[in-house]
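Visitor: Could you take me closely through the aromatic side chains of this model, and then through the packing and the cross-links around them?

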Amino acid sequence: MTLPVITQKTQDKQTVSQLKKAYSALSQAYLMAVNENGTPENWGAGGINEDESHKIMARNFTKYMKVIVDCIDMSNSDVAKYCSEKFANTKYYSTVRIADGATVSFRMWYGDCKSVYGTTKPLKNVCGRFTVDVNGNKKPNEYGQDMFSFYVTKQGIFPMGSENDTVVMFKKYCDRHKISEDTNYDHGMGCTAWVLMNENLDYKYCDDLNWGGKTKCK
């Protein structure tokens, strides 16, 4: 392999490690929040168009996390400066920076947690999502590169793009050559489950990866 390829592969391994670390921290926070307050439909949040709902979700998680910058109640300009330019609109997101330098942006969809996004029980009880940017405000700030999204459900947190996901599907939202016409989800949002389960970002380099088949480029 050439030096640029080796460098990129090293960066990919670091991204996998950072994402797994954030996933672990958020999974533990979810369990502690549920232990104290019940599952998310009991948290008092409303719908996607209620600013306070995003804050409620964020606070229930971050109470049990090592937060170094709390941008939940900041202005849009301060969120962009201290936490995330990508998720600076507080009407739609509540964002914090955690101890390892990553940012986490929370968004509640439905407070009753009855959204259906897949075939498993958790994916039939989706409440909302959060996105982890593993290197904070540093570039590229792109889904599937340094940003990775998860569903928040009544049964736990689950990475988008899994084999059981029927909405944000891996082949539709992670294939590097496909730009979806569906404006509800960005290209790259279906990569999270792949990174966690296969521990690579090889979808950036080849086109024939799939669940149950080829899991890495040669």
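Guide: In this predicted model, a search of the whole structure finds 15 aromatic pairs. One of them joins tyrosine 117 and tyrosine 151 in a tilted arrangement, with 5.2 Å from centre to centre and 50° between the planes. This pair links distant parts of the chain, since tyrosine 117 belongs to the loop between β3 (103-108) and β4 (126-133) while tyrosine 151 belongs to strand β5 (residues 147-153), 34 residues apart; both tyrosine 117 and tyrosine 151 are buried. Phenylalanine 130 and phenylalanine 150, by contrast, form a stacked pair, at 5.0 Å centre to centre and with 20° between the planes. Phenylalanine 130 lies in strand β4 and phenylalanine 150 in strand β5, so this pair ties together parts that are 20 residues apart in sequence, and both phenylalanine 130 and phenylalanine 150 are buried. These two phenylalanines also belong to one aromatic cluster, together with Tyr23, Tyr30, Trp43, Phe61 and Phe106.

The packing can be followed from there. The largest nonpolar core has 44 residues, and those with the most contacts inside it are Leu26, Phe61, Val104, Phe106, Phe130, Val132 and Tyr203. Two or more residues each come from α1 (3-37), α2 (51-62), β2 (94-98), β3, β4, β5 and α5 (192-198), with α1 giving the most, seven residues. Phenylalanine 106, leaving aside its neighbours within four places in sequence, is in contact with residues including Leu26, Met57, Phe61, Tyr93, Val96 and Phe130. A second, separate core of 14 residues includes Tyr117, Leu123, Val126 and Met160.

Cysteine 113 lies in the loop between β3 and β4 and cysteine 127 in strand β4, so the pair ties together parts that are 14 residues apart in sequence; both cysteine 113 and cysteine 127 are buried. Cysteine 206 and cysteine 217 form another disulfide, their sulfur atoms 1.9 Å apart, and the torsion about its S-S bond is about -95°, so this disulfide is left-handed. With the bonded cysteines of the chain numbered in sequence order, the pairing reads 1-2, 3-4, 5-6, 7-8.

Methods: Residues are numbered from 1 along each chain as its sequence is written. This is a predicted model: local features need pLDDT of at least 70, side-chain atom pairs count only at pLDDT 80 or more; totals for chains, interfaces and linings use all residues. Side-chain values use heavy atoms; hydrogens and water are left out. Rings of Phe, Tyr and Trp (its six-membered ring) pair if their centres lie within 6.5 Å; planes under 30 degrees apart count as stacked, over 60 as edge-to-face and the rest as tilted. Helices (H or I, at least four residues) and strands (E, at least two) are DSSP runs, numbered from the N terminus. Buried means under 20% relative accessible area, exposed over 50%, partly exposed in between (1.4 Å probe, protein chains only). A nonpolar core is a set of buried Ala, Val, Leu, Ile, Met, Phe, Trp, Tyr and Cys residues joined through side-chain atoms within 4.5 Å. Contact means heavy atoms within 4.5 Å. A disulfide is a pair of cysteine sulfur atoms within 2.5 Å.
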